[in-house]
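Morning, everyone. I have one structure to show today. Let me put it on the screen.

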Amino acid sequence: MKQIIFVAATLLLASFGCKKDSTRLIDSSYKPDINPANFSNSTIITNPYYPATPGKKYIYEGQTDEGFERVEEQRLNTTKTIMGITCIVSNFKGYVNGELVEETWDWYAQDNEGTLWYFGEEVNNYQNGTLSDHGGSWEAGVDGAQPGKIMPANPETGMKYREEYYFGHAEDEAEILGAGLSETISLGTYNNCIKTKNWTALEPDALENKIYAPGIGLI
């Protein structure tokens, strides 16, 4: 039986296909040490702030400038090997006013220390119900793309990290603004939460704050 969690949230669906900024240079210093030996149980996700339980569907809904947005996320019972590491596959569907605008298959793996890494995504973008393009797709190890940390093992205030890095296409970054926080939403009060600031150089004016609760994930 599928387990479904409903969470009210204000969402900003990812916007891809941004023009490259010719004044910026590739960050050649960003080369995370990705060794398959450090991912011996890569599909067993124990990081409390980003749980990925098979069969559980997360649903986020909220009103935005684009309309009524709904996001569905669910881990699939399939895997994909990237850079010698077995990754879980998570399906993402984004709707605006009931119309599917984006579907992705995201690839994650947890290292032996408990950090959850993001290894890329396959993207389908839709317009008026028709597949338009695959903009935003990327895979770590291909064309210079590098994996990023989607959630550190031991998040502490002040930590900064790349969530992904494919220059000119996928450059999300994050900073932990607070840890050990209490947060109250319509579903109740959650303790030991963390708060992040999220941004990308591809959209300098776009800024997000996210709250994660242990055992739940994004709230």
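First, the ground rules. This is a predicted model: local features need pLDDT of at least 70, side-chain atom pairs count only at pLDDT 80 or more, and totals for chains, interfaces and linings use all residues. Residues are numbered from 1 along each chain as its sequence is written, and side-chain values use heavy atoms, with hydrogens and water left out.

Now the overall picture. The protein has zero helices and 15 strands. Buried means under 20% relative accessible area, exposed means over 50%, and partly exposed is in between, with a 1.4 Å probe and protein chains only. The accessible surface is about 11,500 Å², and carbon and sulfur atoms own 47% of it. That area is from the Shrake-Rupley method with a 1.4 Å probe; for residues, only the protein chains shown count as cover. Take contacts between residues at least 6 apart in sequence: 49% join residues at least 24 apart. Contact here means heavy atoms within 4.5 Å.

Next, the core. A nonpolar core is a set of buried Ala, Val, Leu, Ile, Met, Phe, Trp, Tyr and Cys residues joined through side-chain atoms within 4.5 Å. The largest one holds 30 residues, and Phe 119 and Met 151 touch the most other members. Strands S4 (85–96), S5 (99–110), S6 (116–127) and S9 (146–151) each supply at least two residues of this core. Another core, of six residues, lies apart from it; Tyr 190, Cys 193, Ile 211 and Ile 216 are among them.

What does Met 151 contact, leaving aside its neighbours within four places in sequence? The partners include Asn 47, Tyr 49, Tyr 50, Leu 116, Ile 194 and Tyr 212.

Now a charged residue. Glu 121 sits in strand S6. Is Glu 121 buried or exposed? Its relative accessible area is 6%, so Glu 121 is buried. Its side chain makes a polar contact of 3.4 Å with the side chain of Tyr 118. By polar contact I mean N or O atoms within 3.5 Å; within protein, one must be able to donate a hydrogen and the other to accept it, and residues adjacent in sequence count only if both atoms are side-chain atoms.

Two asparagines have positive phi. Asn 128 is near 55°, in the loop between S6 and strand S7 (130–133). Asn 128 is exposed, because its relative accessibility is 70%. Asn 192 is at about 60°, in strand S13 (residues 188–200). At 48%, Asn 192 counts as partly exposed.

Last, salt bridges: a side-chain nitrogen of Lys or Arg within 4 Å of a carboxyl oxygen of Asp or Glu. The count is eight. Lys 57, Glu 61, Arg 70 and Glu 72 are linked in a network. Lys 57 pairs with Glu 72 at 3.8 Å. Both of these residues, Lys 57 and Glu 72, are buried. Arg 70 meets Glu 61 at 2.5 Å and Glu 72 at 2.9 Å. Glu 61 is partly exposed at 25%, and Arg 70 is partly exposed at 23%.

That is my tour. Over to you.

Note on methods: Helix = DSSP H or I, 4+ residues; strand = E, 2+ residues; numbered from the N terminus.
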